[in-house]
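Subject: Structure handover and notes

Hello,

Here is the structure for your work.

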Amino acid sequence: MVTQLQDGTGFGFASDQWFSIGQLNTSPNQMVYGLRFQLPNKALTFGYQDIIDNSPRIQWIGDLFNQGDLEFRFADSFTSTTSNLIASMTNEGQLILPESNTTGLANISGVKLAVESDSFRTGIRVNTIQANTTGEGVGLSATAAFNQSNVSVKGTANGGIGIGGSNIAIQGISNFGFAGFFNGNVTVTGTFSNPSDRKLKTEINNTENALENISQLNGYTYTYKDHEDLNLAKGLQHGLIAQEVELVYPELVETITYPMYNKEGEFEGTGSYKSVNYMGLIAELTEAIKTLNVKVKDLESQLEPRVVYEKSFTEEEFDKIQRNAYQLSQNTPNPFSSSTIISYALPEGIAEASILVLDLNGKLLKTYDVSEQRGQLSISASELNGAGMYLYTLYVNGKDMVTKRMILK
């Protein structure tokens, strides 16, 4: 053991200043190998705590609440004490990366950076960090495991001027792939928006055949399978099938490639699945509704004004109705789930007529011939194409006399 007493009367802790390097027997069964710098009431040691240890340690000793941070610095001069602060660590286990006022703050290639903390909620506290990866790797990986709220990475932007006048808590930039990949549910308490400014777009064209294209898609309810690598949503889901959407809108379907890790967190390869850009369907749905609205208005404009009786009518009520009027009541019940009743009446002299059922695109689904001057028609839900809105019309001598709407739920 080589030692040097700089100040004081012995090799103590409270008031002496000294230095030592080498091996030291601290007990009959323990041998310490390393070096120690001792200042009054504080010390820094580096080495192996015991001969059987496999891992070396850096340890700084002092007042628990006022001992400073362990700093990591870089200097480009052999004689100068001037240096750049790269990172520091508190006695609470927090890794602090300073503001990015230096170049080359943190460039991480294919390295997983993680800090685990059992006693404190913040595993990593970051002022500004830049992490870059090349090839297969993770730029920044943080894990939180606490009894209360679990937060792996937390970013806060409070006032002041950020980037171009905007405050940004966490920013992800990717020139290829994804700026963020979240393997699980994502909740946003504020607004969520996509860039849609005209000045950002080129080759702008009106959507064509939206109603026809949307009509080719099918809505489903489903539950996700349990997946070893993906944290898929739980419970009943509503949505489309990506393979079906791809046949109509291939540009709205993308194959997602995601990383896979073993139980030790080591990269093992990639998997893939198809994803649908549901936001992109909003424009198509908007145009489809507009087209459908035009069709409905056109149908309504072709209808001649007729006397309509809005409920099932009795013999006495029928006598009070003009006998030269076509009548078609609103179906009862409406909406319906199993069956519904439609009452109708024909003017005197009309021996034959039909009640037609159409979908909202004007496609004929069912024809029911009626011959009585007044009567009722029962329609079963099984005769229609599932839940939705339908049109039904009283059709006489090649004309739609009265048209109404009914809803199957």
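This is a predicted model: local features need pLDDT of at least 70, side-chain atom pairs count only at pLDDT 80 or more; totals for chains, interfaces and linings use all residues.

The largest share, 5 residues, comes from β13.

Salt bridges

The count of salt bridges comes to 4.

Lys-274 pairs with Glu-246, with 3.4 Å between the closest N and O atoms. This bridge links distant parts of the chain, as Lys-274 sits in strand β13 and Glu-246 in helix α2, 28 residues apart. Lys-274 is partly exposed because its relative accessibility is 32%. Glu-246 also falls in the partly exposed class, with a relative accessible area of 29%.

A second bridge joins the side chains of Lys-290 and Glu-287, at 3.2 Å from N to O. Both residues are in helix α3 (residues 281–302), and because they are 3 residues apart there, about one helical turn separates them. At 47% relative accessibility Lys-290 is partly exposed, and Glu-287, at 25%, is partly exposed too.

The side chains of Glu-71 and Arg-73 form another bridge, at 2.7 Å from N to O. Glu-71 has a relative accessibility of 42% and so counts as partly exposed. Arg-73 is partly exposed as well, with a relative accessible area of 45%.

As background to these pairs, side chains of opposite charge can pair when their charged atoms come close.

Surface patch

A nonpolar patch on the surface is formed by Phe-182, Val-186, Val-188, Phe-192, Met-279 and Ile-282. Together these residues have about 660 Å² of accessible area. One of them, Phe-192, lies in the loop between β9 (125–126) and α1 (210–214). Phe-192 counts as exposed because its relative accessible area is 61%, and the cut-off for that class is over 50%.

Backbone

Thr-332 and Pro-333 are joined by one, with omega at about -5°. The bond from Asn-334 to Pro-335 is also cis, with omega near 5°. Pro-333 is in the loop between β14 (327–328) and β15, and Pro-335 is found in the loop between β14 and β15.

Two residues have a positive phi without being glycine. Asn-41 has a phi of about 65° and belongs to the loop between β3 (30–39) and β4 (42–48). With 45% relative accessibility, Asn-41 is partly exposed. For Glu-203, phi is about 50°, and the residue is placed in the loop between β9 and α1. Glu-203 has a relative accessibility of 71%, so it counts as exposed.

Two single residues

Is Asn-213 buried or exposed? Asn-213 is buried, because its relative accessibility of 18% is under the 20% cut-off. Asn-213 lies in helix α1. Leaving aside residues up to four places away in sequence, Asn-213 touches Glu-208, Val-248, Tyr-249 and Glu-284.

Ala-351 is in the loop between β15 (339–345) and β16 (353–358). At 52% relative accessibility, Ala-351 counts as exposed. With residues up to four places away in sequence left out, Ala-351 touches Val-370 and Ser-371. The C-alpha atoms of Ala-351 and Glu-372 are 7.2 Å apart, while the two residues are separated by 21 residues along the chain.

Regards

Key
Residues are numbered from 1 along each chain as its sequence is written. Side-chain values use heavy atoms; hydrogens and water are left out. Patches are made of residues with over 30% relative accessible area and no salt bridge: like charges are joined within 9 Å, nonpolar side chains (Val, Leu, Ile, Met, Phe, Trp, Tyr) within 5 Å. Accessible areas come from the Shrake-Rupley method with a 1.4 Å probe; for residues, only the protein chains shown count as cover. Helices (H or I, at least four residues) and strands (E, at least two) are DSSP runs, numbered from the N terminus. Buried means under 20% relative accessible area, exposed over 50%, partly exposed in between (1.4 Å probe, protein chains only). Contact means heavy atoms within 4.5 Å.
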